[in-house]
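Here is a walk through one structure, section by section. Have the sequence and the 3D view open as you read.

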2 protein chains.
Amino acid sequence: MSEVSISPDNETFNIPDERETRKEIIKIQKIIDEEQKKGKIIVVVQGLGFVGAVMAAVIADCEKEGSIPYFVIGIDLPTPASFWKIKKINAGKSPIKSEDPEINPIFTRTVLERNNLIATWASDIYSEADIIIVDINLDVKKTELGKAEEADVNIEPFKAAIRSIGTLIKPGCLLLIETTIPPGTIEYIVKPIIKQCFKERNLNISDENLLIAHSYERVMPGKNYINSIKKIWRTFSAINKKSSNVTREFLSDIIDIKKFPLTELDKPAASELAKILENSYRAMNIAFMYEWTLFAEDIGINLFEIVDSIKVRKGTHDNMMYPGFGVGGYCLTKDTILGNWSSKQIFQRERDLTFSITAINVNDCMPHHTFDLLMRGMNNDIVHKKIAILGASYLNDIDDTRNSPTSVLYDDIVNAGGIPVVHDPIAKIMVQRPDITIKNDLESVINTASALIFVMNHKEYFAYPVEFFMQKIRGGACVIDAFNVLNDEKIKKMKAKNFVVLGVGKGHIKDL
Amino acid sequence: MSEVSISPDNETFNIPDERETRKEIIKIQKIIDEEQKKGKIIVVVQGLGFVGAVMAAVIADCEKEGSIPYFVIGIDLPTPASFWKIKKINAGKSPIKSEDPEINPIFTRTVLERNNLIATWASDIYSEADIIIVDINLDVKKTELGKAEEADVNIEPFKAAIRSIGTLIKPGCLLLIETTIPPGTIEYIVKPIIKQCFKERNLNISDENLLIAHSYERVMPGKNYINSIKKIWRTFSAINKKSSNVTREFLSDIIDIKKFPLTELDKPAASELAKILENSYRAMNIAFMYEWTLFAEDIGINLFEIVDSIKVRKGTHDNMMYPGFGVGGYCLTKDTILGNWSSKQIFQRERDLTFSITAINVNDCMPHHTFDLLMRGMNNDIVHKKIAILGASYLNDIDDTRNSPTSVLYDDIVNAGGIPVVHDPIAKIMVQRPDITIKNDLESVINTASALIFVMNHKEYFAYPVEFFMQKIRGGACVIDAFNVLNDEKIKKMKAKNFVVLGVGKGHIKDL
């Protein structure tokens, strides 16, 4: 039996064999030949994840002076984890579930109506591209939560991908890297690889004729998924004037530059660092609140109200973060580590980005505090007790579970002998943790639970009357509000019925 | 000869003796008697510093339904440091120099025209007040820069001030604390003192009839000095319902609450913490940039441009700070320490606010980096060399030198054998460092200097053509741009003439 690739909505696809791949190459080559005759610019997007898939659709959706300038080919690997995305796209569907109502129509329009977006695993067609956009992941390897300073960057797969492009890319094709990469990567890793490849191919390309640029995306899955590519500020940088011109022209087609003018920085390292700095800043703003959260709990005050009273100061304090359960997702949990790795490995600096790395550590360990509240609320007795965890995604009202902090709390509970049961109204699978089952049926999850922990502020959780929870969980059970899901009125009702209620950043609960 | 108090503009006043004080009390009492007959509410503002002086004027300036409700008495000490302020105010002049064009008119209007603001040292008249506003300082004692965790809070003078109010305050008078104080101070320090005083005075006042509240200001000296009291969001909290009502009514008269509705928090500790959290956040945002500043310098990029490219993200990243020379002023350098002290001393917590305290330490030590750049630019040879430091205030275009980071750099240079000379276009004295002379004549400061360090972005420094500096300083001198005062064009001109130029956060200079 051949290997299969299963989509999140349980469609199964056979992974293609060599013969099918040869046929695919011939098919795609034929399509490209036709499109080139029509004068289309051939854009290859490498990596059909959260960024690449939507980026490909947005490029294909572009119109310029009444015509459609680009023919877009999305490429991903014929692996169990990725092959289904190729099939989904070619069926005119978004491989990513999103609240954005435009997300399915854009794939239908470009794939089925305009016929200028296809997806394939036939990476040989890099050789036909006028523009190659790299949207593959560059992951970090954390040895242990709380030790981000020891984390390593998994740079080899990225280098291999660049090398495979280098063996095929035609001279004059723009290589545009959108992946978040350690500062210095373009200059000290990508450019040398591409030069070496050209040399091995006996192509004599001078530095001024190499076309390599970096431009980072600010994609946010959610309601404005597509606009988080099109209608948002873009920064880019390029290795030389030619690359800069081509990149500027291309991005001007994709981005609404009238409202969001492009910013060009003078060196690739500058835009590489900008992206990492941007996300490190956000991670640090979250981490900053943690020790104030504990302080507020200890002295009996409600930090949420306090943050609200401060956030009114627009422009200086309105991005202050609320207390929370933890940080997940792909960017904030790792980007600082890319910076620190660059500092040490690319630039041989001895100094860590200590303050920012500490922020990552604080965030990574944050769910332990919710576990501490649980243990306090249950007098350290959770052995064989059913603990309902409400929330599995890392953001409210989306299904994305990448690096979800829920798994940290889950492990804490298991290690202490408790029985965690995880609910999420939208998320179906814990991507990196197949051992954790997510249930979508709330009633069965909370039924007879000895503790109930709200870890995500999904709108569904606000909608239920508090009586719903009180009727299902055990009498006198422990309720932990780790994301300000319960208002004071609800908490009062629960306390009046002798439930033990504690909350992250909500020290005032003891007086309710 | 009697002691004197000298104002910053060199007016000299004799400190009053006991006889004069007795006369003053009689005079003020007579005035109050008249104002009370007119039905005025008597407000006493204790402390005529940056906050109290302007707060007093703003209250006196208040009109309500066509009439003037408040008679305001500003109180400060008859000491060399403070007595001149009393005299200035009574002459209808602002004791604080400010760019705000409204600052002198408001004192003229209230003191000389309306006659409803006077200043005095006769603290006995606390007994006549309907509202007492405490705007005295509460200072911290740092043992060493970089060891904020060991800093102590000078709480005794504050307690003594509260006690002196307690011996005189009449039952029913609202005691409104505006001073930034450690969370818990009202509950665990102020309230017990006032209760004890009433007890000693044989007054039996129940807890519900004690009137104590906390409301913190957000005053910024500068162009909008007065509006930084009147037209800005206000948070308050009170110890009971009565105090809350009186405070709300009073603040509603002073603040433009239509545009800036009041926020009431449920406990004094909440608003006490809010103020400290607000400033700790700001301090942390500054500290965060430091390690990225060093990184950008080491890898040859311009961090200012990068920050500009990120700050476009309104609401999430627009408060990102630029690289800088250091942090001064009264609040950001100490408020976190008040929080940490409260945690340890009032609430006996074992855990420090480590992340936030580290930010204070990073900021306090930041000027050492500019010194490091100087040493690098001068090949470690600054002995007997004249080093011109341009900037003495802690903010651009104001004369405030409280905790100015300039003094840290000054000491570094002296310790290394160099001869620092300090210029500022506005600031006249280094308040805590009388040994440091500030010169206002730029030419004499930079003339024949071996190094020129821009540490503050005063607009005057931007105005000069770069040739002005190049002609005065020594040929080949070292120029350090610690606050982005020089643009690339100016730097190129300097480098073309063989000046050695380095900049904080400006790694790209080496390629110019």
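## Ground rules and a loop arginine

Helices (H or I, at least four residues) and strands (E, at least two) are DSSP runs here, numbered from the N terminus. Keep in mind that this is a predicted model.

Is R349(B) buried or exposed? It counts as buried, because its relative accessibility is 10% and the cut-off for buried is under 20%. Leaving out residues up to four places away in sequence, R349(B) touches L294(A), F295(A) and D298(A), along with S343(B) and K344(B).

## Where the two chains meet

Now for the interface as a whole. On chain A, 63 residues are in contact with 63 residues of chain B. About 5700 Å² is buried between chain A and chain B, and carbon and sulfur atoms give 67% of that area. Three residues, Y281(A), W292(A) and F355(A), supply 14% of the area that chain A buries against chain B, which is more than any other three residues.

There's a polar side to the story too. The count of salt bridges between chain A and chain B is six. For an example, go to K267(B) and D511(A), whose side chains meet in a salt bridge at 2.5 Å, N to O. The rule also finds 31 residue pairs in polar contact across the interface of chain A and chain B, with both residues at pLDDT 80 or more. Which elements give two or more residues to the side of chain A that touches chain B? They are α9 (268-299), α10 (303-311), α11 (335-346) and α12 (354-365) of chain A. The largest share comes from α9(A), with 22 residues. Sorted by class, the side of chain A that touches chain B has 31 nonpolar, 18 polar and 14 charged residues.

## A helix packed against both chains

Helix α10 of chain B (residues 303-311) is worth a stop. Seven of its nine residues are buried, so α10(B) is largely enclosed by the rest of the structure. The buried residues are L303(B), F304(B), I306(B), V307(B), S309(B), I310(B) and K311(B).

What do those buried residues of α10(B) pack against? From chain A come β10, β11 (235-238), β12 and α9, and from chain B comes α9 (268-299).

Chain A has an open sheet of eight strands with mixed pairing, in the order β5-β4-β3-β6-β9-β10-β11-β12. At the edges stand β5 (117-120) and β12 (263-264) of chain A, each with a single partner strand, so one side of each has no neighbour in the sheet. Further in, β6 (residues 131-134) and β9 (residues 174-177) of chain A run parallel and are joined by four bridges. I132(A), for one, has L175(A) as its bridge partner in β9(A).

Over in chain B, strand β6 (residues 131-134) runs parallel to β9(B), again with four bridges. Here I131(B) is paired with L174(B) of β9(B). Three bridges also join β9(B) to β10 (residues 212-216) of chain B, and those two strands run parallel. The bridge partner of L175(B) in β10(B) is I212(B). As for the side chains of β9 (residues 174-177) of chain B, L174(B) and L176(B) point one way, L175(B) and I177(B) point the other, and all are buried.

## Another enclosed helix, and some positive phi values

In chain A, seven of the 10 residues of helix α14 (residues 406-415) are buried, so this helix is largely enclosed by the rest of the structure. Among them are V408(A), L409(A), Y410(A) and D412(A). The cover over the buried residues of α14(A) includes α12, α13, β13, β14 (419-423) and β16 (451-454) of chain A. Just after α14(A), G417(A) takes a positive phi of about 90°.

Positive phi also turns up outside glycine. N202(A) has phi near 60° and sits in the loop between α6 (185-200) and β10 (212-216) of chain A. N202(A) is exposed, at 72% relative accessible area. N380(A) has phi near 60° as well, in the loop between α13 (367-377) and β13 (386-390) of chain A. N380(A) is exposed too, at 58%.

Technical notes. Residues are numbered from 1 along each chain as its sequence is written. Chains are lettered from A and ligands numbered from 1 in the order in which they are written. This is a predicted model: local features need pLDDT of at least 70, side-chain atom pairs count only at pLDDT 80 or more; totals for chains, interfaces and linings use all residues. Side-chain values use heavy atoms; hydrogens and water are left out. Contact means heavy atoms within 4.5 Å. Buried area is the accessible area (1.4 Å probe) that two parts lose on being put together, summed over both. A salt bridge is a side-chain nitrogen of Lys or Arg within 4 Å of a carboxyl oxygen of Asp or Glu. A polar contact is a pair of N or O atoms within 3.5 Å; within protein, one must be able to donate a hydrogen and the other to accept it, and residues adjacent in sequence count only if both atoms are side-chain atoms. Ala, Val, Leu, Ile, Met, Phe, Trp, Tyr, Cys and Pro count as nonpolar, Asp, Glu, Lys and Arg as charged, and the others, Gly among them, as polar. Two strands pair if DSSP finds at least two bridges between them. Buried means under 20% relative accessible area, exposed over 50%, partly exposed in between (1.4 Å probe, protein chains only).
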